[in-house]
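Welcome! Take a moment to look over the sequence and the fold before reading on.

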Amino acid sequence: MRSGTAVAVGSLVQTLHNAYVLRRPTRGPSPRPEPLTVLIPMRDEIDNVTDCLNSALAALDRWPGPARIVVLDDESSDGTSKLLRQIGSAEGRIEILAGDPPPSGWHGKPWACHQMSRVAADDGVMIFLDADVRVEPDAFTASVALLRETGLDLVSPYPRQVTRGLVERLVQPLLQWSWMSTLPLRVAERSARPSMSAANGQFLVVDTSAYRRAGGHEAVRSEILEDIAILRAFKRSGARGVVVEGSAIATCTMYVGWREVRDGYRKSLWSAFGSLPGTVAVTTLLHLAYVLPPIAMVMGSRVGLVGYLAAVSSRMITARTTGGRPWPDPVVHPLSILAFTALTADSVVARRSGTLTWRGRALGDNR
């Protein structure tokens, strides 16, 4: 019990420190003019096409140098292809690519990003953006300014995660909390250690030359969590990068409802901790630190009360820092951990049974 509470208190201390040092893109002078290519993969995104591209175009309006948007239509079957062709023919700054099926050894998103990166400018900056992200007009200028001011090669502005239903509110805030409470960000941004990596492929800003030296998405072609993997590839090549706070410049509605949450996490959680023993170890530690203390608190333990309050405080600080709900959602943090454990177990079972799919594609060893 004491060890679990100690972990919770230590995580609170780390959260407080990160909230203080976390880098934030800010409005200010535009960065120097240089080529910018915004790369957006889309597969069956009929509900996101128009709003995503409109927000990206508004941000492109503020870019001081040459800029364009490249959209890859990844074999869509829901009307996305037709709508993209219409928009592309009317807007000269948007180039529409027809994606090819993933070759053996590639997962879908790395392959889509790789295809787009081949038509990007040879220098300047690339921004990878998911279709469910909406950016503010100053998102690109502020993010690239931060990239250049810090001398980093990759920054990942973490969008504010839009959550409405009970399930999303229970699970989604754990995304930001996971790195806010565990990763010393200022150390991580300069460290070459792969384990000190956090990134979000929803919004990824990279120096083009560093991206190509790192091997691009070809270097992470078989990775499910390609965003973290691409940062690790950068580090292996001598480049540096870090996650930054992006709630003021971007939002993302990642999943809506239980089915989308389950399917989305099912595809990836089995790989989040490297191996089955790693998964067991991490989930055990989470229960020790965030489930057992509140149980002991209910039974009258003051040590348990301290652990519970530390966890809730860490969640509240994370929410205030990243644009989430600081109240009352953090109060049910133990239930969030239990829900995360259930999703992780479901993902592991699906992986071992060979039934993993995502957007109509099987996720076997090669896809």
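How many bridges join β5 to strand β10, and do they run parallel or antiparallel? Three bridges join β5 to β10 (residues 250-252), and the two strands run antiparallel. Across this pairing, arginine 134 stands opposite threonine 251 in β10. Strands here are DSSP runs of E with at least two residues, helices are runs of H or I with at least four residues, and both are numbered from the N terminus. Two strands count as paired if DSSP finds at least two bridges between them.

Both strands belong to an open sheet of three strands, ordered β5-β10-β7, with mixed pairing. Its edges are β5 (133-135) and β7 (160-161), each of which pairs on one side only.

## About the model

This is a predicted model, in which local features need pLDDT of at least 70 and side-chain atom pairs count only at pLDDT 80 or more, while totals for chains, interfaces and linings use all residues. Residues are numbered from 1 along each chain as its sequence is written, and side-chain values use heavy atoms, with hydrogens and water left out.

Strand β6 (residues 154-158) is joined to β9 by five bridges, and the two run parallel. Leucine 154 stands opposite glycine 241, and valine 155 opposite valine 242.

Is β9 (residues 241-245) mostly buried or exposed? Five of its five residues are buried, meaning under 20% relative accessible area, with exposed over 50% and partly exposed in between (1.4 Å probe, protein chains only). Gly241, Val243 and Glu245 are buried on one side, and Val242 and Val244 on the other.

## An exposed methionine

Methionine 299 sits in the loop between α13 (292-298) and α14 (302-322). Methionine 299 counts as exposed because its relative accessibility is 72%.
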